Amino acid sequence: MSDDRKIIFGGDYFPEQWPEEIWEEDLHLMKQANVNMVSLGIFAWALLQPDEDTFTFGWLDKVMDLLADNGIDVCLGTSTAAQPNWLTQKYDDILFMRETGERPACGSRQTYCINSPSYRKAVRRLAKEMALHYKGHRALKLWHINNEYANKNSMCFCKNCEKNFQKWLKKKYKTLANLNECWGTVFWSEKYSNWKEINTPRASAGGRNATKLLDYKRFLSESFFTLYKEEYDVIRTITPDIPVTTNFEGDWSKFDHFLFRDNLDVASLNFYPNPSDLNSYKWAALRHSMMRSLLGKPFMVMEQAPSQVDWYPVNIAKHPGLMRLWSYQALAHGSDSVMFFQWRASKKGAEKYHSGMVPHYGENSRVFKEISALGNELKKVKDIADSKVNSEVAILLDNDSWWSVDSPYGRGTKSLDNEVFWSANGQPFPTVLVSYFGELEYYFNAFHDLNVPVDVIGIDYDLSKYKIVVAPLLHMIKPGLKEAVQDFVKKGGIFITTYFSGVIDEFVGVFLDGYLGPLKDVLGVKVEEYNPLPPGGKNRMLMTENAEGFRKDYGCSIWCDVAHPITAKTLAAFTDGYYSGAPSLTENKFGDGKAYYVATRPDRDFMRDFLSKILSEQNIKVSPLPEEVELVVRSRNGEDYNFYLNHGETEKHVKLPEGKYEDLLTGAVYENILHLAKYGVYILRTKERKS
Ligand code: GAL
């Protein structure tokens with residue numbers, strides 16, 4: 001075991017917002033709080049490059065040296081998320097364009113167009129100058145490219161994007177005839193006879209071509225990646241030994257995050273659950289799991305709020321103990337860092353009401369005291385760094401299915417223009433009550449309620465390391481997926497998919513002869529039609545004699561597929577409607593494994609019973625605990641770190657598995673029963689170590 005193992009602790013640091021006298025105090029307080037890394041230079045472009053040919057690194061050198069002298073590492077931002085005004089003024093292609101044709105005004109961040117040649121050129125140059133300048137600096141331990149790609153500029157409709165989109169389409173489809181065929185442009189007389197006719201898919205009079213919309217979203221998604229890659233390549237060449245990251249949001253709808261996986265040394269997450277919502281910890285568990293699964297190794301929490309944020313409608317403070325609890329929750333799910341936005345709460349600017357590790361009130365504040373206590377406490381848990389969460393269950397996340405089910409512009413949610421795009425403006429769909437990510441979250445939460453860790457992986461990830469793979473609303477089936485699923489099940493895996501899956505191909509063409517399409521064989525069932533239920537509408541799932549270990553029946557809602565088994569057994573059937581008796585749950589033996597198809601949205605009782613059954617069949621440990629108590633296990637070299645977290649506001653009691661356990665945080669030894677205080681955190685390892 002290496003001795004330099006540690007949990008990274010710190011936050012975004014903006015010394016440029018403060019006079020130099022404050023820097024000394026910052027250093028003093030950082031040491032007091034045991035800060036060991038800060039992110040610098042995230043939004044400092046205008047200060048680093050005051051005009052096209054001048055670079056002014058002097059002030060940053062001073063800060064870097066100071067930090068190095070005090071043993072604090074630097075995660076160095078490349079500053080490219082907020083370009084300077086001179087650049088925007090000088091080149092007329094810099095700003096992104098909204099669907100309405102307007103461009104955002106200067107004066108904020110993320111106003112750039114991701115395909116602007118002038119922006120990209122300037123980004124490459126700044127990255128190069130920074131990498132050359134800081135190459136070999138004692139403090140430099142990690143690069144942080146840009147900041148939260150797509151946060152405000154996820155969709156651009158400017159001429160450059162249009163031109164690049166046309167090029168992208170030419171490369172993909174080769175001929176217009178092929179494009180017309182694949183896009184189905186015979187519908188509504190949309191046929192293109194010249195590449196230049198293909199505009200960006202802006203609002204039209206009614207529903208738009210779904211293949212075009214999806215291709216545009218794919219094109220923009222790739223543009224985010226290629227933009228990142230431009231900086232990555234420059235930095236990598238100059239400082240090959242320094243790892244590179246970019247901080248992602250918890251919302252993965254804006255671009256396909258899996259595109260980054262081969263060019264990212266560490267995945268990092270900005271996570272901002274709402275403290276007013278008691279279920280926020282479930283929300284967070286999913287985001288942490290996504291980030292951990294992206295590279296299949298520990299990730300970093302790059303940002304979280306020390307107390308309140310300033311962008312929910314009402315921003316309540318994190319009550320005493322909550323910041324600590326959520327920090328440990330991140331560690332439990334596989335983070336090796338606890339970092340914050342930001343070190344010192346700003347005095348001026350757009351975010352002055354956002355909390356900081358050092359609040360406006362200074363070091364004698366509740367928040368700083370809690371921060372400092374946590375920073376020091378983390379020294380006790382350094383052994384967990386680099387340990388793994390071993391998941392035997394995976395959920396597939398497919399952005400193409402997501403964008404096909406929910407409009408690429410976000411159906412029923414606010415778009416970047418803060419307008420609601422009704423289905424006619426995006427793309428028509430059978431019901432607004434279905435949400436791709438909502439379904440994914442529903443399945444994730446059902447496993448999470450049983451304290452079973454789940455990885456969230458892309459459809460081209462290796463399935464063989466899992467025992468159960470769930471693909472909620474796998475609407476699109478791309479080439480290769482059928483074979484991957486079949487292979488997984490044949491070798492003994494359990495595969496589960498849901499209603500409205502296997503409906504379209506990669507070009508958004510519907511599979512004829514029964515939905516479930518290429519998955520029909522493995523599932524042994526095909527779907528004739530669907531019936532979305534009205535708001536509040538219910539049906540019931542009556543379990544058949546084929547189903548063991550279930551109650552007699554369960555409720556279901558939102559959607560009912562009308563399916564016909566081919567080789568599958570019907571485990572449950574709908575009780576109501578003209579399709580009463582049609583299967584609502586089927587099971588198909590395929591090779592050594594089984595494939596399940598769920599034709600509806602079952603209630604939570606069903607989810608608990610169904611998942612418990614298949615988890616036990618696959619010998620996966622289930623730990624039902626009192627509501628609001630979470631258990632996550634990280635392991636290394638046969639040693640388990642059992643994180644028991646009480647997200648509730650009252651004391652809870654948990655029966656421990658046989659044995660004696662020692663708490664890493666307090667040294668206390670527990671046996672039989674663990675009493676968990678409100679917001680309590682206990683990291684238990686077996687006292688008698690295995691040899
Ligand atoms: C993040 C962003 C930070 C800060 C923070 C406030 O989205 O990356 O720079 O604005 O939100 O909560």
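Leaving aside neighbours within four places in sequence, Arg-292 touches Lys-297, Phe-299, His-333, Gly-334, Val-389, Ser-391, Val-454 and Asp-455. Please keep in mind as you look around that this is a predicted model. To find Arg-292, go to helix α9, which covers residues 280-295. Arg-292 has a relative accessible area of 5%, and because buried means under 20%, Arg-292 counts as buried.

Next, let us visit a pair of strands. Strand β21 runs over residues 629-636, and seven of its eight residues are buried. Its partner is strand β22, residues 639-646, and the two pair in the antiparallel sense over eight bridges. To see how they line up, look for Leu-631, which stands opposite Tyr-644 in β22. Two residues lie between the strands of this hairpin, where Asn-637 takes a positive phi near 45°.

Our last stop is the ligand. Around the ligand you will find Phe-43, Arg-109, Asn-147, Glu-148, Asn-270, Tyr-272, Glu-303, Trp-311, Phe-341, Glu-351 and His-354. By kind, this shell is made up of four nonpolar, three polar and four charged residues. Some of these residues bring polar side-chain atoms to the oxygen atoms of the ligand. For Glu-148, a polar side-chain atom lies 2.5 Å from a ligand oxygen atom, and for His-354 an N or O atom of the side chain is 2.7 Å from an oxygen atom of the ligand. Asn-270 also takes part, with a polar side-chain atom 3.5 Å from a ligand oxygen atom. On its own the ligand has 310 Å² of accessible area, and the protein covers 96% of that.

How values were computed
Residues numbered from 1 in each chain as written. Predicted model: local features only at pLDDT ≥ 70, side-chain atom pairs only at ≥ 80, totals over all residues. Heavy atoms only, no water. Helix = DSSP H or I, 4+ residues; strand = E, 2+ residues; numbered from the N terminus. Buried < 20%, exposed > 50% of the residue type's maximum accessible area, 1.4 Å probe, protein only. Contact = heavy atoms within 4.5 Å. Pairing = 2+ DSSP bridges. Near = heavy atom within 4 Å. Polar contact = N/O pair within 3.5 Å; in protein donor to acceptor, adjacent residues only side chain to side chain. Areas by Shrake-Rupley, 256 points an atom, 1.4 Å probe, with all protein chains shown as cover. Nonpolar A, V, L, I, M, F, W, Y, C, P; charged D, E, K, R; others polar.
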